[in-house]
Amino acid sequence: MFYWSLLFQPPDQIEVGEDGFKQWDVITSLDMEAMMNTVRAWMENPVKFARSHGVNVLPTAEEPDSETEVHILIVEGFLLYNYRPLLEVCDKCFYISIPYEECKMRRSTRQYTVPDPPGLFDGHVWPMYLKHRREMEENCMNVEYLDGLKSREEIYNQVYENIQNTLLNHL
């Protein structure tokens, strides 16, 4: 699993928007080149990539059969489906959605190093979420929506079953 949201630009490169808040929730706040280089490195050689990142990979035959070997990369983060180069290499796209009230409640319980200033959620976070979701819906046709009110286990099982069925249908 690759956590895309670990690739933020340095804080001094994050712009301040008209609303007075640092623009962490825009695509330019992420190092897109580093993200795509990471995905491409995985695509070129998933086993080598995994090993170079400390993931133990079970030994395979001397001559791996690229037709039967299956490697899965999960890219987790926000704004994933607002970046065309990434969409072009994704086979499956899942989007966990929750309503405003639940999102605001969850955000209020998170502990940040620098706490959210008053008004950030309603004045910036939620409007940016709506803006980027609209853009995603306009540009990305292959998204499967998941109910974020379900438990983590239910969401995991739904995604796992979906991927498993996809693999079975392609083998």
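This is a predicted model: local features need pLDDT of at least 70, side-chain atom pairs count only at pLDDT 80 or more; totals for chains, interfaces and linings use all residues.
Where is Ile 72 found? Ile 72 sits in the loop between helix H2 (46-52) and strand E2 (75-76).

**A nonpolar patch**
- Together with Val 70 and Ile 74, Ile 72 forms a nonpolar patch on the surface, and the three have about 240 Å² of accessible area together.
- Ile 72 itself is partly exposed, at a relative accessible area of 47%.

**Helix H6**
- H6 runs over residues 152-170, and its 19 residues reach 27 Å from the first C-alpha to the last, close to the 27 Å expected.
- Ile 155, Val 159 and Asn 162 are buried in this helix.
- Seen down the axis of H6, the buried residues fall within an arc of 60 degrees, so they line one face of the helix.
- Cover for the buried residues of H6 includes strands E3 (93-97) and E4 (143-147).
- Exposed on the other side of H6 are Glu 153, Tyr 156, Glu 161 and Leu 168.

**Salt bridges**
- Glu 144 pairs with Lys 92, with the closest N and O atoms 3.1 Å apart. Glu 144 lies in strand E4 and Lys 92 in the loop between helix H3 (84-87) and E3, so the pair ties together parts that are 52 residues apart in sequence.
- Lys 104 forms a salt bridge with Asp 122 at 2.7 Å between the closest N and O atoms. This pair ties helix H4 to helix H5, because Lys 104 lies in H4 and Asp 122 in H5.
- Lys 131 and Glu 135 also form a salt bridge, at 3.0 Å between the closest N and O atoms; both lie in helix H5, four residues apart, about one turn of the helix.

Notes. Residues are numbered from 1 along each chain as its sequence is written. Side-chain values use heavy atoms; hydrogens and water are left out. Patches are made of residues with over 30% relative accessible area and no salt bridge: like charges are joined within 9 Å, nonpolar side chains (Val, Leu, Ile, Met, Phe, Trp, Tyr) within 5 Å. Accessible areas come from the Shrake-Rupley method with a 1.4 Å probe; for residues, only the protein chains shown count as cover. A salt bridge is a side-chain nitrogen of Lys or Arg within 4 Å of a carboxyl oxygen of Asp or Glu. Helices (H or I, at least four residues) and strands (E, at least two) are DSSP runs, numbered from the N terminus. Buried means under 20% relative accessible area, exposed over 50%, partly exposed in between (1.4 Å probe, protein chains only). The expected span of a helix is 1.5 Å times one less than its number of residues. The arc is that of the directions from the helix axis to the C-beta atoms. Contact means heavy atoms within 4.5 Å.
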